[in-house]
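Colleague: Could you take me through the salt bridges in this chain, please? I would like a close look at that one part.

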Amino acid sequence: MEQQEASKDAVVTRIGQAVMLLHGGDREEARNRFRAIWVEIGEGGDALHRCTLAHYMADTQDDPGDELAWDLRALTAAEGLTGAAAAEHRDALAVRSFFPSLHLNLAADYLKLERFEAARVHLDHAWDSVGVLADDGYGGGIRAAIGRLEQRMRRGGAGE
């Protein structure tokens with residue numbers, strides 16, 4: 001059990017290192033590292049790892065369609081930890097806190113692709129899920145970003 005936990009911690013550490021590269025501006029190296037980790041953990045790996053990795057991998061994509069595909073992978077992983085599975089998984093609360101951001105990103109992806117109805121659906125899901133966020137910097141930032149995207153959609157007449 002300890003070896004499995006240490007292995008999971010190593011994956012989290014490696015994802016965190018790639019995130020630091022991404023935030024430091026090295027999108028290509030971050031993308032390469034995320035891809036290598038994804039190959040290791042695969043579609044059947046730990047849901048929180050898959051969700052986190054896919055969520056950030058989307059940010060490394062140049063093509064909006066590829067960004068959408070990674071954001072959808074993140075959502076699929078997060079949805080795997082709802083219902084009965086969530087009760088048994090130690091990271092279920094952490095995954096639930098991803099939903100507002102996941103739906104926000106999907107709304108933005110669909111807006112880039114001019115799929116306005118899908119963008120509206122995910123923006124509504126983002127608003128519906130913000131209740132899980134704390135009243136802290138992260139929660140406030142996500143709420144503000146959802147509000148900005150809402151305003152952008154209204155100004156463009158998208159989805160209305």
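Predicted model: local features only at pLDDT ≥ 70, side-chain atom pairs only at ≥ 80, totals over all residues.

Modeller: Residues are numbered from 1 along each chain as its sequence is written, and side-chain values use heavy atoms, with hydrogens and water left out. The chain has nine helices and zero strands, taken as DSSP runs (helices: H or I, at least four residues; strands: E, at least two) numbered from the N terminus. Counting a side-chain nitrogen of Lys or Arg within 4 Å of a carboxyl oxygen of Asp or Glu as a salt bridge, we get 10 of them.

One of these joins Arg 14 to Glu 40, at 2.8 Å from N to O. Arg 14 sits in helix α1 (residues 2-23) and Glu 40 in helix α2 (residues 27-41), 26 residues apart. Arg 14 is partly exposed at 29% relative accessible area, while Glu 40 is exposed at 53%; here buried means under 20%, exposed over 50%, and partly exposed in between, with a 1.4 Å probe and protein chains only.

Helix α2 also holds Arg 27, whose partner Asp 62 lies in the loop between α3 (47-58) and α4 (64-79), 35 residues apart. Arg 27 is partly exposed at 31%, and Asp 62 is exposed at 59%.

In helix α9 (residues 137-156), Glu 150 and Arg 154 are four residues apart, about one turn of the helix. Their salt bridge spans 3.3 Å, N to O, and Glu 150 is buried at 7%. Both belong to a network of salt bridges that also links Arg 120 and Asp 124.
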